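Colleague: I have the model open and would like to go through its contacts with you. Could you begin with a pair of charged side chains?

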Amino acid sequence: MATYILKRFLQLLPVFIGATFLVYFLVFSLPGDPIAALFGDKPVNAAVAAKLRSQYHLDQPFIVQYLLYLKSIFTFDLGQDFSGRSIAAVLGEVFPVTARLAVMALIFEGVFGIAFGLVAGLRKGKFFDGTVLIASLIVIGIPIFVLGFLLQFFIGVQLGWAKPTVSSAASVQDLILPAIVLGLASFAYVLRLTRTSVIENMNADYVRTATAKGLSRFRVVNVHILRNSLIPVITFLGADLGTLMGGAIVTEGIFNVPGVGNRLYRAVLSGEGPTVVSIVTVLVLIYCVSNLIVDLLYAWLDPRIRYDS
Amino acid sequence: MRFSRTSKALGVAAILALAMSGCSGGSGNSSSSSTGNSNKVIIADGSEPQRPIMPADINEVGGGKIGTLIFAGLVSYDANGKSVNELADSIQAPDAQHFTIKIKKDQKFTNGEAITAKTFVDSWNFGAAAKNAQLSATFFESIKGYDEASATGSTVTTMSGLKVVDDTTFTVELKQPESDWPLRLGYTAFMPVPSAALADPKTYGEKPVGNGPYKMAENGWQHNVQISLVPNPDYNGPRKAKNGGITFKIYQNDDAAYQDLLSNNLDVLQTIPTSAVANFKSDLGDRSIEKPYAGNQTIAIPEYLPAWSGEAGKLRRQAISMAINRDEITKVIFSGGRQPAKDFTSPVLDGYSDNVPGSDNLKFDAAKAKELWAKADAIQKWDPNTTFTIAYNADKGGHKAWVDAVTNQLKNNLGIKAEGLSFPTFKEARDLATSGKLTGAIRAGWQADYPSLYNFLGPIYKTGAGSNDARYDNPAFNKAISDGLSASSVADGNKAMNKAQEILLQDLPAIPLWYQVAQGGWSTNVSNVDYGWDGVPLYYDITGK
């Protein structure tokens, strides 16, 4: 097991190098001169522009810029953004907010998705099942920004149950509505995935055996059906955490959440290579690690799965 | 259309969401009870400053809003764009070139440091020197010695035109006479900074110390979230704070800010988002404002393009200008959010005139336009297969709608091919303009840095000027401008500027379209909201209810 984990961590290294290189190259290839853009409509002051270019290594060829960036990573100093602030500090501000939002969305979609899916699966073909299926289809069908704007307008502005945007603290309470919006589509997927998986397992031999043994319905459902049904769901949820963090740009925009998406969007627009790469790299790492955790969870859910070294 | 289809779904989704979240209500509708006094902290919208707060490094609205409130310069501008003395006692120059500036006694920064003539000289020298790479360094270009200090790689850190006479007096020598130079002194670049700022600008820029009507609250700058200002009790100028402070909440988009305004979570919204322009007056009633400010929109047509040079080019530009129905576009596309342009400047400026000779060229007249176009064709044939393009940036500003409207009018009224040419970002469109590689027209706009007619003319149309996208080059115009600059009074200068405009109105290096109009709104918690000449609310005047 330990060897397995070590191996997986070693695999992160090429992923890390590849991701940073690719993203750095993409930002480098963006058309337009980011320093000239700092001057807006005004004439570019050549002396000032030259000074800033050398400060951000923008006067160097691509490969030198990239290697300098890699060097800065390994010395734990990610450099500065255009406002002269340390990128490490910027990451420290935005990631906790988005992590909070993504984890809340994940809990929402996990807890409610599995619960609704389980009940729907157990009552296959009944009224509840039908309602939930239609509702989930609608949720999947509507783009996230439409749902976001509508919920913001009706719940935030018309009813006044929540603030339309998050407060400066971006507290858990503020993030409830954005988290629901963010998790809504995935919630529908989790629900449908759980339902299908439960229906499949209900007909399995071991469930029939468990019932025949005289086990309580509660035990049959929780231990035999649910636990076995969770493997595909957990796979989905694990992959979804990364998606939620990176994909929160739209939701963050609607609810004005001061998180990763907001900063990333601004950094892309202003062509701040190191900021973009740093943010994306952390996102990639989160994605990899959450997938590793999912793989490890398999063994816990289904003892038949073993990790051989 | 989409709404009706999805509204049912919304109901289900909303019920689902609420049922599942248990009690998502939480905060409820507890808008702070209005106290009806000057202690109310005003919540306004802002954007994250691009650079640390250093006066000469401020180059965009996010930092500009903060800078104008935490600093006080020699002069400031009142609501009508008139410049009034703030720290200055007197600014005099008999020849519009050698200025003697006297400042008021006993002025202090909020850290207790005294503000003397030397403070100003040091601050300005710092701002101009290439070594310090300040984005707004160009503002000092009129001062003698600027060129030496600002040259690439220069180690000169002082300008020879600045001399301290005594504690409260200093002299400024300009390179040439500029009658409107004192008007510039209210711009953020000219604000004084304490000595600590010059020693360590980076640390200072995070926690700036100024001398304006407000000061930064303790840990007031939460990056990307909000910036809190509190009144400066020692400030005694004309912009005394009438509220308990201002918190600039940083928004990523105006739509979110507008929702906050509707639910009283935001007190003042500077700019109504495009999506709400059609209905903000009915949403807000008398809590809204529409007021022109010192900005305009034009389309610049570069003279280096063969089809647009010489006499034929001039006639064609006049034809284009007359083929555009400005009244219709401002009404239909902007719902009155713009005013048709009648000159190259802005109606909020001192010296503005709506009937400068030649302004008829900006009036819609399809028949005359066709006639002029035919005249141009007689000189130099227009290839009917070429398309007249207007380049614009699609990332912000909502330019597509009006560019399409203008090109459609050109198609209909002149019978030529015309279309918009969109660029994903502002910087790409700008790159083309600054490198002189435009293939057609480009949208251009100007927002004045200080309220002066010259600011709308000199920096854009003078030969070799930095923002001369059209590469316009007319010695007669240059001469008219320098005549205006050497005038002995601002009033005489303005007359000369309008003379210069007569030349522009014939040549039309850029075609003025409309004047910008500020559209804003406020919550039920505040009153006394008015906008300044620059389209920014006069935050210091706002009170709670």
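Modeller: The side chains of Glu93(A) and Arg85(A) form a salt bridge, with N to O at 2.6 Å. A salt bridge here is a side-chain nitrogen of Lys or Arg within 4 Å of a carboxyl oxygen of Asp or Glu. Please note that this is a predicted model, in which local features need pLDDT of at least 70 and side-chain atom pairs count only at pLDDT 80 or more, while totals for chains, interfaces and linings use all residues. Residues are numbered from 1 along each chain as its sequence is written, chains are lettered from A and ligands numbered from 1 in the order in which they are written, and side-chain values use heavy atoms, with hydrogens and water left out.

Colleague: Is Arg85(A) buried or exposed?

Modeller: Arg85(A) counts as buried because its relative accessibility is 9%. Glu93(A), at 29%, counts as partly exposed. Buried means under 20% relative accessible area, exposed over 50%, and partly exposed in between (1.4 Å probe, protein chains only).

Colleague: Which residue of chain B does Arg85(A) meet in a salt bridge?

Modeller: That residue is Glu206(B), with N to O at 3.7 Å. This pair crosses between chains: Arg85(A) lies in the loop between helix H4 (62-74) and helix H5 (87-122) of chain A, and Glu206(B) lies in helix H6 (residues 201-206) of chain B. Helices (H or I, at least four residues) and strands (E, at least two) are DSSP runs, numbered from the N terminus. Glu206(B) has 29% relative accessibility, so it counts as partly exposed.

Colleague: Changing topic, where do Asp469(B) and Arg430(B) sit?

Modeller: Their side chains meet in a salt bridge, with N to O at 3.0 Å. Asp469(B) is in the loop between helix H14 (453-461) and helix H15 (475-485) of chain B, and Arg430(B) is in helix H13 (residues 426-434), 39 residues apart. Both Asp469(B) and Arg430(B) are buried.

Colleague: What about the largest nonpolar core, and how many residues has it?

Modeller: The largest nonpolar core has 71 residues, and those with the most contacts inside it include Ile320(B), Phe388(B) and Trp402(B). Such a core is a set of buried Ala, Val, Leu, Ile, Met, Phe, Trp, Tyr and Cys residues joined through side-chain atoms within 4.5 Å. Neighbours within four places in sequence aside, the contacts of Phe388(B) include Trp308(B), Ile320(B) and Leu410(B).

Colleague: Finally, where is Ala369(B)?

Modeller: Ala369(B) is in helix H11 (residues 366-379) of chain B, and it is buried, with a relative accessible area of 0%. Its C-alpha atom is separated by 4.2 Å from that of Ala319(B), 50 residues apart along the chain.

Conventions
Contact = heavy atoms within 4.5 Å.
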